[in-house]
Amino acid sequence: MASVLTRSMSLESSPQLEPESPSKRRSSALNNAMSFFLQLDANTVLRGNVKFHLSVDHIVKHAMNHGLTREQITTLIKIIVHPNTKISQAIRTKLVKCLVPSSKVPQSAVVRVISWISTRVFSDPGPTNLHSVLLRWILLIYDYIDGYDQLHKLYDIIFCFIHSYLLLPHACHLLFLLTRKHDVKLFKVQQLLQLTRKVGPESCIIGLLTIYKVFCPHLVPMKLEHTHKVYFKAHDSTWRSTIQEIVAANQAAGDDNGLDTDRAEIKIRKEKAFIQKSKRQKLLVPEPHSASEEISKETDLNTTSLPSDFEHIHYAQLDSFSAYLEALDKIEYPSQIAAALKDKKLQLLLSCHPDQIVITRLCLWIQHVFAFGFRNTDKDECEKYEQLLQMLLSFSQNVQSFSVVEGFLECSLPLWDGQRFTPLIFSLITCFKPSTYNELHYCVLDPLHRLFFSCDVYFKSMCITALTKLLHNLSIINYGNMSSQEEQTQQEGNKSARDATGDTVLNQTHLPSSTLDNIQSILLKLISFLDAVIVAGMMMEDDHYLLQMTTLDFLELVSSLFQKCHIPLVCLPLRVLHRLLLSDCPATLARLCEVINSFREAFTAVRSNRRDAVTCDTTLANQVSVLYPTGSKSKGVDKFNGLLLDIMGMLWQGRLFQERSNKLESIFHFKPPLHLADKIKDNALTIYMGPAFLGLAYKFLKETQREEKKIHPLQIEPFKDRYLLFLERENFPEFKKLVSTNIKSRIDKSAHL
C-alpha cells in the first residue's frame, strides 16, 4: 500500500502535458510542409513522392481555409521562385493560388515577385503563364500590401512588361494603380502609341494613356476614344472572393492589432474613389483647391516653411487686381482646372496670364465630360448638363482671350439631336474661334448641315441666327484691333485727311497680312455656305416669313462688313437676294431695299477708298483670291449693277424682261413660256402690281378714289410719287429711299434743290 501511495504522489507531483491546440497543429503541419520544399535538392525524386503530394495538400488546405501570415507568404514565394527545376509549372501555379493573405502582404514579397518576373521578360523564351498568374495575384492583393514606396521604385521595370503580350493587360493595370505625375514621360507615351499601332487600340493601353493624359495632357495630344466602359477586365473572381472572405473573417476575429486601421484606410480609399466616380457620373464641376494646401495637410507643414523655389501663392489669397498683377508669376493654378468654369477669380487669372498647358487641360476635361453627355436622356442628368452648359457659356463670354468650346463642339455636335439645350448650344457656337475654315466646317458647319435639313423651320431660323452672330463675332474679334490702330495712326499722322462725310480715311492694317488673309477667307466661305443653305431651307419651308426675317438679318450684316467692321470684303449673297426678290411680303421687300442701298454704299466706299478690298458674289467666292483682290473688283461691281437694274426694273420701272448686255447679267434674262407670255407683263412685280403690294395698293385706292368708282392697281401708275409717300406713311420708307438714291433724274433734282 505504501508503494501505491508513493506512485500516486509521484504522479501528482509530475507536470501534466497540456493538449496541443488545433491552430498550433495546423501551423506546425504547414511549417513542416514548407520545410520540405525548402530542403529539396536536385537529387530528390518527386514522381510518386507521397510526402511531396501531402505537403502540397497541407499548404492548399491551410491557405484556402485560414490564409497565410506575412512570414508564410514570404516563405511560399521563395519556394515558388526557387530555381529548382524539379517542381513543375503546374505545381508552382497551384502554390501561387495558395497565396491568400490572412491580413497584410509584405511589400518585400511583392518586390521579389516583380524582380523574378523581370528576369524572364528580358531573356528568351520570355515569360510564361506562371508569370502572368503572379502578376494577377499582385493586382488581387494590391489593397492589402503594407506599403508602396519600394514597389513604386520598380515602376520603370514594370513598364517594360508591356512588351510581352501575355503580361500586357495586367502590367497596364498595375501601372495604372501606381502612376503618379512624375512617372509620365514622353518616351513612355510614344511606346504606348507605337504598341497601339502594332496590336490595335486595346482597352488596357487606352486606360493607361487616359491616366497619363489626366496628369500630363500636353504629352498625350491624341484624342482618346471613350468606347470602353471598363479599361481593365476583372480576372479570377473566385480567387478574389476567397481572399476577401478570409481577410474579412480574420479582421472580424481581431487577429491583428493593425487590422482595424488598415480596414479603415481601405474603406476611406474606396469611398473616395466612389465619390469621385459618382461626381463624374453626375458631371459636377470640382471645387478649386491648391496643391500647396494638399502638401501642408499631408505633411503637417506650413507652406511658408517650404523652400523658396517651391513657394506659390494660392489664387484664393488674392483679393484685388493689383495683387494679381504683382504675383502673376507665383499664382498656383488649382489641381482641378475645371473649377475655373464657375470661379470668377480663376477666370480673371486665365485672362491676365493664360497658360497653354492649363488651357489644354481645361479643353480636355470639357471634351471628356461631354463625350457621352447627349446620349443620356434622364431628366436629372439633363438638368446637370444644362447647368454645365451655362457655366461653359459664361466662361466663354468672360474669358475671350482664348476659346475652350472646340472640344465640346467636336465631340458633342455630331451626337446632338437638335432638340435638347438648343439655345445654349447655339450660344456656344457663336463663341467659337476657328483658326481655319476647315476647322469651322468640321466642328460646326458639317454637323449643323445634317440637322438643318431634318428639323423644322424654327430650328432653321435659330441656326441661321447663330451662324450670323458667329460671323459678326469673327468680324469684330479679328478686326477690332485693326480699326483702333488705324484711327490712332490717322489722328497722330494725318489729322486733316478726311473724306466728304467727315469720317477718317482708313489706312493699311498693321496686322500680319497672312493672318488677315486667313480671316478674310473664313468669312468669305462662311457667307457662301450660308447663302447656299438658306436658299435650300427656303425651298423646303415654302419661303416661311420667319426664315425670311432671319435671312434679312444675315444680309444686313454682310452688307455692313466694310462700312462698320472695316473688313476689306464686299460679298453679294446672290442666291438669297434673288430668292427674296420674289417674296410676297412687303416687309421683306422693304428691308431688302435697305440692304441694296447698304451694298451700294459699300461698293461706293470701296472705289473711293485707298485700301484694296475683295468685291465678289458667293457664286465666285471659291474662285476669288484674297491675296490679289484687285482683279475681283470689276466682277463684284458688275454683279451688283446687274442686281440693281433687276430690282429697279421690277419694282419701279416695270421693265421685267428688258434687254441687257452680257456684261450685266439679269435674273429675268429668259423668255416666258408661250402659254404664259400674254399673262406675265413687264409690270407684274412692281410696287403697285406685285402680289406683295396688292393689299397696300387697294388701301391707297380706297383712300384716293370715289367709292362708286371701280379700282385697279394700274390706276396708281401715273401717281407713283404720291404712292411712295403713302408707303412711307405705312412705315415702308425704304422704297422711297431706294428710288431717290438710284434714279438719276431724282438724284439730279435733289442736288439742284
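Q: How many helices and strands does the protein chain have?
A: The protein chain has 33 helices and 4 strands. Helices (H or I, at least four residues) and strands (E, at least two) are DSSP runs, numbered from the N terminus. This is a predicted model, where local features need pLDDT of at least 70, side-chain atom pairs count only at pLDDT 80 or more, and totals for chains, interfaces and linings use all residues. Residues are numbered from 1 along each chain as its sequence is written, and side-chain values use heavy atoms, leaving out hydrogens and water.

Q: Why are helix 10 and helix 12 called roughly parallel?
A: Helix 10 (residues 168-178) and helix 12 (residues 203-215) pack at an angle of about 20°. Angles under 35 degrees count as roughly parallel, and therefore these two helices are roughly parallel to each other. The contact (heavy atoms within 4.5 Å) includes Leu-168 and Phe-176 of helix 10, and Leu-208 and Ile-211 of helix 12.

Q: How do you know that the span of helix 18 agrees with what it should be?
A: The expected span is 1.5 Å times one less than the number of residues. For the 14 residues of helix 18 (residues 356-369) that should be 20 Å, and the end C-alpha atoms are 20 Å apart, so the two agree.

Q: Which residues of helix 18 are buried?
A: Among them are Val-358, Leu-362, Trp-365 and Val-369. Buried means under 20% relative accessible area (1.4 Å probe, protein chains only).

Q: What share of the protein chain do buried residues make up?
A: Buried residues make up 47% of its 753 residues.

Methods. Buried < 20%, exposed > 50% of the residue type's maximum accessible area, 1.4 Å probe, protein only. Axes fitted to C-alpha atoms, helices over the stretch in contact; angles between N-to-C directions. Parallel < 35°, antiparallel > 145°, perpendicular 65-115°, else oblique.
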